[in-house]
Structure formats: C-alpha cells, structure tokens
Amino acid sequence: MTNDLPVIPHWINGAALTPEGTRTAPVFNPALGEVIREVALAAEDDVNQAVESAHTAYLSWRDVSLAKRTAIMFNFRELLNSRKGELAEIITEEHGKVIDDALGEIARAQEVVEFACGITSHLRGDFSEQISTGFDIHSVRQPVGVAAIISPFNFPAMVPMWFFPIAIAAGNSVVVKPSEKDPTASIWVAELLKEAGLPDGVFTVLNGDKVAVDGLLTHPKVKSVSFVGSTPIAKYVYETGTAHGKRVQALGGAKNHMLVLPDADLDLVADSAVNAGFGSAGERCMAISVVVAVEPIADDLVPKIVERINTLRVGDGRRNCDMGPLITEVHRDKVAGYIDIAINDGAEVVVDGRGIEVDGEAGGFWLGPTLIDRVSTSSKVYTDEIFGPVLAIVRVKSFDEGLDLINASQYGNGTAIFTNDGGAARRFQKDVEVGMIGINVPIPVPIGSYSFGGWKDSAFGDTKAYGPEGVKFFTAEKAVTTRWLDPSHGGINLGFPSNA
Ligand code: NAD
C-alpha cells in the first residue's frame, strides 16, 4: 500500500468503509501508466459484514411497494442522465477508453435502468379460472434475496447496470464486486443511488479480489450470482456457486467472427470491421476479432481496412482521440506478443501497432491498431481471445466453410454476417451456433428490453442478462392454487389431486 494515495473504500450499509489493516491493490490511469489510487481488497470478515448488511436491508426492501421502488429507479435514471459526464470521466481515467465510448457505455446501461423503471408490468403473474371445478390458479414472482454481481474491467459502469437495476426494482438487495482495475465507478453509482432515495444496505459495493469472490460464492445468505469476465473464471464461478446452492449466470469470453460474403458492400464492411475491431482498443466482449472473408473479396477488402486504420488517432481518451490505451502493461505486452506469434505462424502483418505515435504520455499502455491477414485457424492468433486491438483476417472459399469455422469455435458470444443476400443471411441466422447475431450490424448488443448472452463457453447457466430473462433470474415464481369452498364440496379423497 502506498500511504499517500487515496484508497477506494467498500460501500456498506450506505457509507464508505475501509477497515483497519485492509490489503490494497494499485489502480492505474492506463493513459499515464501511473498508479493514481489504491483499492481496498476485502477480507473474509468484510464479505460477511457486506452480506449481512445487504440481507438485513433485503428483509425490509422486499416489502416496499412497487410504486416506491420504481419511483427511486426513476430518480436514479434522472440523476444518472444529468450527471453522466462525471461518470464518463471516471471510466476514462481508470479504464482508458475515450470519453465518447464511456458515454456510449453509460447510454446502453441507462436502457436497463429504464427497463427496470417499468418492472411493474414485467412482474405481472398469470391467472387461470376454473382449472378444476371450483379451483383457480395464479402465479406470482417474488425477489430471491441477496444478489452478488461480479464484474470485469472492460465495462465498469455498464456491466453492473446490466443486473442491479432489475434486481433492486424486483425487491432484492445487491452486493457488487467490481473489477479491482477500475472500481471507482461503482462507488460513484452507490452515492448516486443513495441520493436517489435508495435505503442503506440495498446496494453494497465490496471491493476485492479472489477472496471477495470466493466469500460471495460460498456465503449462505447470497442467493444468486451474476458474473461477467473471462471464460475460465466464469466456469469456476458457475461450478462453485451452483455447488453452494445458488442460481448462477456466468458470462465468459468471446472470439467474435464477422462473415463477409462477396456480394457485401465493402465500404460498409471496412467501416464496421474497424469500428468493431478497434473501438475500446478491442477490449469488448462483442468486439469483432476475426473477419472471415469469402473469396475473392479479401484482396479488395484489406486495403479498405488499412486506409481507415491510417486515419485513427490513438491517445489519451480525454484528448478527443479514437482509441485509448490497454488496461495494464502486462495485458498490453501479452496482446503485442500475438504479433510475433502471427509472424512465426506465417501470417501477414499488414499493420503493426507496436511503436505507434500517440497523443498521450510515453508511459501509457499503448498499442496501435493491428491488422493480420492470412491467419491460420491453427494459430493462437485465431484460437485465443486476444482482447486487444488486433484484427485477424481468415480467407475461406465459401459460405459453408465460414459457417463451419464459426460453429467450431469454443466461443459463441456474438457474430455478424455482411451480405445483400437475404437468403444467405436467413440461413446464417438459423444455423450459426452463437447467442447474438448481427445482419449487416457488427456489434449486435441487444437493446434493454431483450436479453444479452452468448452460447457455448461464452456463458454458463441458462439465463441471459437483463430484459425479460433478467426479471426471471432475479425472481422466483410461486404457483398458487385456490379454492373458495362451496358448501356442496368436500369429503374425504386420498387420491392424487386431479382436475375434473
Ligand atoms: P476476469 O475474469 O479476469 O475478471 C472478472 C472478475 O473476476 C473480476 O471482478 C475479478 O476480480 C474476478 N476474478 C479474477 N480472477 C479470479 C479468480 N481466480 N477467482 C475469483 N475471481 C476472480 O476478466 P477481466 O479481465 O476483468 O475482463 C475481461 C474478460 O471479460 C474477457 O474475457 C471478456 O470477453 C469478458 N467479458 C465478457 C462479457 C460477456 O458479456 N460475455 C462482457 C464483458 C467482458
């Protein structure tokens, strides 16, 4: 711990808390390459305190009327919308993405808040009259309890907001465990929720590392876990959480392919590949990392992508640049290492992002946009999730070869097809084994009233994030069968109830 740096605390029972003797980790500004603050790392006792406080809050929050809960959500929506500039600056400072991109993240998060404002209509149950003579049935959805939300570094505001607005509006309390790389956004949100009128303890922030995560996964009063991060940790969280009796949704990594058919509009394709490949320095789970070009178009497409890459300004996200730095030095070096792997594997490095000139400090974790053509599908450049500004081009001979390639991938988060052939697009939509599909749309993140999630190793558990599936995840259904006795009914009958 560096004594003169501020420490980002936990937020427990409506107040900041950094217990005596807390371990800490450094938080960087990746555009400067400097540690700007420290973050508290929870010990087991802190996990207990956070969960107990959230549980106590839950016991009264679940009885607060839907009208009051949604009124607080509306207040939060208004405050968030009017002060989103502050949040964007926090995101840019600790994550590195450019301000416009940070505002985009907040806008997508706000969709979920708006969905949660209307939770009343999503919590409606069903009713069927006279299902047996004199019997009716209805269903209700009730909150589950304390919901743990464990988030990755790449969307410090949006990913927690995929979950907590719905969880809270549905009557649960939440404990958010942000990424230790950019935790300030969650503390800012905690303060805003308090200002919006949320009772203390309903929204808790527990900062930390594996100790905090393991504590949440095993605590008996945590009833659900929503995780977003890399595939190995998602799998671990899913297995550990479910083994401890919790409902778990664990979203993992990705390797998103964009299939380009020869009839596609190549200018639209090149724009889309550059935007989706290099936006947020490729640190998006919905980034396009592989362009699958159906021959003969690759020779025409590659120069169009290069032309666009050459216009990109890389630098400090606060200086009106197009692309910021990577999250850490270690990650930057790992991503840059794939350029050497590509060369060794016989691929063609068309644009090498190493040593790029930037509008930023020399110590920042920079890597420029990189384009690698003729990537072999056996190369790690193709098989690994690189999570950086490295766009691979794989050349295939046919639609079927491209489709088979995508379906053979370990991941199934997002994908896109670019074509003017409706029949091909329709077949792609039907046969591709991926959770989110774009047709001439490169980053098909569903809007807030649909649900977000991948297939295969991109998601563990059967419930997607936000939208109707979010409501389902954060509530448990009861089915109630009712009979109001008519004096003519009754009598002894030991048989299993049957409908008549
Ligand atoms: P990560 O898996 O390293 O960390 C995610 C969370 O898990 C963090 O809160 C971290 O503190 C915690 N964690 C890390 N190691 C742990 C361990 N050993 N035990 C318990 N908890 C641990 O992921 P990241 O680097 O922060 O984020 C990038 C990854 O997230 C990429 O793989 C990206 O594709 C993925 N992601 C997926 C989606 C999606 O919707 N599928 C969205 C955003 C990011």
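Colleague: Why does the ligand lie between domain 1 and domain 2?

Modeller: Domain 1 (7–252 + 458–479) and domain 2 (256–439) both give residues to the shell around the ligand, so the ligand lies between them. The domain bounds come from an automatic or database domain assignment. This is a predicted model, in which local features need pLDDT of at least 70 and side-chain atom pairs count only at pLDDT 80 or more, while totals for chains, interfaces and linings use all residues. Residues are numbered from 1 along each chain as its sequence is written.

Colleague: How many residues surround the ligand, and which are the closest?

Modeller: The ligand is surrounded by 27 residues, and the closest are Pro152, Gly229, Ser230, Gly253 and Cys285. A residue is near a molecule or strand if its C-beta atom, placed from the backbone, lies within 6 Å of it. By class, this shell has twelve nonpolar, ten polar and five charged residues. Here Ala, Val, Leu, Ile, Met, Phe, Trp, Tyr, Cys and Pro count as nonpolar, Asp, Glu, Lys and Arg as charged, and the others, Gly among them, as polar.

Colleague: Back to the domains. How many residues of domain 1 are in contact with domain 2?

Modeller: There are 18 residues of domain 1 in contact with 25 residues of domain 2. Contact means that the C-beta atoms of two residues, placed from the backbone, lie within 7 Å.

Colleague: Which helices supply the domain 1 side?

Modeller: Helix 2 (66–95) and helix 3 (99–117) each supply at least two residues of the side that touches domain 2. Helices (H or I, at least four residues) and strands (E, at least two) are DSSP runs, numbered from the N terminus. That side of domain 1 has eight nonpolar, six polar and four charged residues. The centres of the two domains, taken over C-alpha atoms, are separated by 31 Å.

Colleague: What does UniProt say?

Modeller: An unreviewed UniProt entry carries the annotation "domain: Aldehyde dehydrogenase" for residues 22–480. UniProt positions are in the numbering used here, feature names are shortened, and annotations may be inferred rather than shown by experiment. In the model, residues 22–480 are 41% helix and 22% strand, and the end C-alpha atoms of this span lie 48 Å apart.

Colleague: New topic. How many residues are in the largest nonpolar core?

Modeller: The largest nonpolar core has 85 residues, and those with the most contacts inside it are Ala157, Ile166, Val174 and Val175. Helix 5 (residues 158–169) gives the most to this core, with ten residues. A second, separate core has 66 residues, including Val260 and Ile372. A nonpolar core is a set of buried Ala, Val, Leu, Ile, Met, Phe, Trp, Tyr and Cys residues joined through C-beta atoms within 7 Å. A residue is buried if 20 or more other C-beta atoms lie within 10 Å of its own, exposed if 12 or fewer, and partly exposed in between, with C-beta atoms placed from the backbone.

Colleague: What is isoleucine 166 in contact with?

Modeller: Leaving aside neighbours within four places in sequence, isoleucine 166 is in contact with residues that include Val112, Ala116, Tyr466 and Phe474. Alanine 116 lies in helix 3.

Colleague: Is alanine 116 buried or exposed?

Modeller: Alanine 116 counts as buried, because it has 28 C-beta neighbours inside 10 Å. Lysine 210, in helix 7 (residues 210–218), counts as exposed, with 10 C-beta neighbours inside 10 Å.

Colleague: And tyrosine 338, where is that?

Modeller: Tyrosine 338 is in helix 11 (residues 329–344). Tyrosine 338 counts as buried, with 21 C-beta neighbours inside 10 Å. Apart from residues up to four places away in sequence, tyrosine 338 touches Val381, Ile386 and Val390.

Colleague: Now the backbone. Which peptide bond is cis?

Modeller: The bond from glutamate 295 to proline 296 is cis, with omega near 15 degrees. Proline 296 lies in the loop between strand 14 (288–294) and helix 10 (298–309). Most residues other than glycine have a negative phi, and most peptide bonds are trans.

Colleague: What is the phi of arginine 374?

Modeller: Arginine 374 is not a glycine, yet its phi is positive, at about 55 degrees. Arginine 374 is in the loop between strand 16 (370–373) and helix 12 (380–383). Arginine 374 counts as partly exposed, with 16 C-beta neighbours inside 10 Å. Lysine 456 also has a positive phi, near 50 degrees, and is in strand 21 (residues 455–456).
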